[in-house]
Amino acid sequence: METAMTKQMPRELTRQQYLDLYYYMRLNRAVEETMVKLFRQNKIVGGLYSSLGQEAISVGTSYALQKKDWIAPMIRNIGALLVKGVPPRDIFMQHMAKYDSPTKGRDGTSHFGDLDNLHIVSPISMLGDLIPVMTGVAIGARYLGQKIVTLTWIGDGGSSTGVFHEGLNFAATQKAPFVLILENNLWAYSTPVRRQVPLENLADRAKAYGIDSYIVDGNNVVAVYNTSKEAVERARAGEGPILIEAKTFRRLGHAQHDPAEYVPKEMRAYWEARDPIALYEKFLSTEKLLDAGGKKEIDDKLDTLLAAEREFAENSPMPPPEFAEGGVYCTGDDCHKIRAKWERPITEVTPPRSSVEAVWAVPGFGSGKGSGGADAPIHFGDTKAVVEHPANNGRPAKAVTKSAGKTTTRKSSKAATGASRKGRR
Amino acid sequence: MVGANGAPTNGSATSGKEITFLEAIRQAMFEEMERDPAVLLMGEDVGVYGGAFKTSEGLLERFGWERVIDTPISESAIIGAACGMSYLGLRPICEMQFIDFIVCAFNQITNFVAKGHYLWNAPAPMVIRGPSGGGVHGGPFHSANPEMYFVHTPGLKVIYPSTPYDAKGLLKAAVRDNNPVLFFEHKFLYRRIKGEVPAEDYTVPIGKAVVRREGRHLTILSYAAMMHTSLEAADALAKEGIEAEVIDLRTLLPLDEETILNSVKKTNKCLAVHEDTRTGGIAGEVAALLCEKAFSDLDGPVLRMTSLDTPVPYAPTLEEYFLPNAKKIFSAARELARY
């Protein structure tokens, strides 16, 4: 199955891009393997969460972004941090609560960010909260004239939160340049997706917001990349938010403490045979992009890099106890110089040019279309109405086969990208 | 001052004359948006309608759709999006249509917005404001004083003004502050209280209380609508020869300990008055502060005059019974003065 899928893959990427995707997936896995060792040596302070088997999603989605774009990774998106340029030592030190870590020991795991350079927003443990926040970054950046896209991830479990709905709905009404990756790994801690959501495809939720969605095989990094690239550029072009459901499987427990005995053996076996890195190695080898020598080079590079990064992390001190105090408030310019970066003329948003008539304009009203008329504006900019086209184009094509396990896309012109672009409805 | 379309006729809308509490808030937002294009307003019905209480009337006309954003009924989305905007150096103002609804966004405020600076060095310069308080028969879901949920949250600043001058100056200070600031507007004051504001730009410092009336026999600490009620009680007390010093806290977080301690060291007695319910109210915090830092100065117990520990009831008879009033403050103060 995997060869059939990968063979259809068009060679749209450069050799370097193909190899980058491979390198980052390997780096993602190697960083996490190093942390498992640290965990077993009791050097990790809190819990350790794994993205084993989900690396293609973190890497493929974030690799589709430009440097200026903003991300907000979740706990299983260490790969996205690495693609963005976070050094592995920062991730090690975060988990080890070291003083040289980005949060200096005040928070752990992947809970850190970088507003100014890498444009990363830190997550909190409450799920879904990043969705309105990244919507705000998207709207704010558009207001400033920055042509950026914001992207965050949510799990199948997190998609049941109220703030998922509030955030995605607000993003849709604002046509925010925002992409949401719904990483469906089939398990929310011990609860299978069927006990959480009565839907075959979580991407169907996009319909409720009048936005477009894609379903992609989350274990196929090139498919994830191609789909994300298309979604990101459509969002950047002003088409509004887009939801991508990436089908995958959480190979380990919720965290290190959880042996995940509740997962059926057959399910685990099915997915272990579909390891995203192994699949991709086969593809790269078939396409003559990587040989044994090239692989050895990467093995060595990772070994050297991570040994050094780990050593740095282990040598970093714990924060001094009194560092618990202070830092709660920004004290002003000496603390943070807060200045918006304008990339459009300020005169556009200041009077008199900003001045408008304060009425709701509903051009479609009275034409038989009501406020759902083709050019009915929502806020500013015109939002295309959600119309069911009589032709098949508009009908949601069942993109995924019945079994929750199987995630190959149906053959269609879109299958070339490994994703089914759901019709615009 | 206000043109036919509701917008002020010129940029400097203030002229040094008497304005309502509500107009002070509108002017603060107007002038801050005029001054700094990084300032935006977001909330339910704040645009075309001008806000449920008309605090944002005329803002959409002048600043346009991108800066005055009508949102869905999604308090978490409003706060979350404002937080995201603040990460770009913008300074959004979020309106909660009634401050009661702020708790719908409790997680966004207390976990996301408030903790960012401490945890990952991310300041969130934003203001969350809205009409609060009772006495207008709004019932249990349109009369709340939820300030203490947030006073208990490190990372936030909490303002609750009582005069048009302070409302305008403190709201401007809040917009310019680099931290998330909660700004409570007692709706009883909106159209009942008038006061003069300067024609020129000014701010009132956050975290500074003010002595509203000097006195020597006891200190009455209060804020918002109850500050006016306390002044009324102080007038009645004066007729009995009891000179109460009335302090308006203005900011609840950070609390101006210095002004409180200076006053109590002079009067040696303190009655803390608030419209918020009793248990866990700021009066308890004040009592603890005085025990820790002014115990030897006290000539009597620190007393509290607050609302009852119940939801805000709807019927006027019940609400009247629930709320503190000048008579109750007068009685409590007179009792305290006897020590």
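**Confidence**

Over residues 1-14 of chain B, pLDDT stays under 50. For that stretch the model has 29 contacts beyond four places in sequence. This is a predicted model, so I checked the overall scores next. Chain B has a mean pLDDT of 95, and 95% of its residues reach 70 or more. I noted ipTM 0.93 and pTM 0.90 for the model.

**Seven-stranded sheet, chain B**

I traced an open sheet of seven strands in chain B, in the order S3-S2-S4-S5-S7-S6-S12. Its pairing is mixed. Which strands sit at the edges? I found strand S3 (68-70) and strand S12 (251-253), each pairing on one side only. From one strand to the next, the twist averages 20 degrees.

Strand S6 (residues 157-159) of chain B pairs with S12(B) in the antiparallel sense, over two bridges. B:Ile159 is opposite B:Thr251 in S12(B).

**Strand S2(B)**

Is S2(B) mostly covered or uncovered? I find it mostly covered, with five of its five residues buried. One side carries B:Val39, B:Leu41 and B:Gly43.

I followed S2(B) to its partners. S2(B) pairs with S4(B) in the parallel sense over five bridges. There, B:Leu41 stands opposite B:Ile93. S2(B) also pairs with S3(B) in the parallel sense, over three bridges. In S3(B), B:Asp70 is the bridge partner of B:Gly43.

H3(B) lies across strand S2 (39-43), strand S4 (91-95) and strand S5 (126-132) of chain B. H3(B) runs at about 170 degrees to S4(B).

**Five-stranded sheet, chain B**

I found another open sheet in chain B, with five strands in the order S9-S11-S10-S13-S14. The pairing is mixed here too. Strand S9 (210-213) and strand S14 (303-307) are the edge strands, each pairing on one side only. Neighbouring strands are turned by 25 degrees against each other on average, direction ignored.

Strand S13 (residues 270-277) of chain B and S14(B) run parallel, joined by four bridges. B:Leu271 stands opposite B:Leu303 in S14(B). Helix H10 (residues 282-293) of chain B packs on this sheet and touches strand S10 (218-222), S13 and S14 of chain B. The direction of H10(B) makes about 155 degrees with that of S13(B).

**Nonpolar core**

Last, I looked up the largest nonpolar core, which has 203 residues. Which residues touch the most other members? I got A:Val179 and B:Ala333. Helix H6 (residues 130-144) of chain A supplies the largest share of this core, ten residues.

I listed contacts of A:Val179, leaving aside its neighbours within four places in sequence. Among them are A:Val149, A:Leu151, A:Ala231 and A:Val232. The list also includes A:Ala235, A:Pro241, A:Ile242 and A:Ile244.

Key. Residues are numbered from 1 along each chain as its sequence is written. Chains are lettered from A and ligands numbered from 1 in the order in which they are written. This is a predicted model: local features need pLDDT of at least 70, side-chain atom pairs count only at pLDDT 80 or more; totals for chains, interfaces and linings use all residues. Two strands pair if DSSP finds at least two bridges between them. Axes are lines fitted to C-alpha atoms, for helices over the stretch in contact, and angles run from 0 to 180 degrees between N-to-C directions. Two residues are in contact if their C-beta atoms, placed from the backbone, lie within 7 Å. pLDDT is the predictor's confidence in each residue, from 0 to 100. A nonpolar core is a set of buried Ala, Val, Leu, Ile, Met, Phe, Trp, Tyr and Cys residues joined through C-beta atoms within 7 Å. A residue is buried if 20 or more other C-beta atoms lie within 10 Å of its own, exposed if 12 or fewer, and partly exposed in between; C-beta atoms are placed from the backbone.
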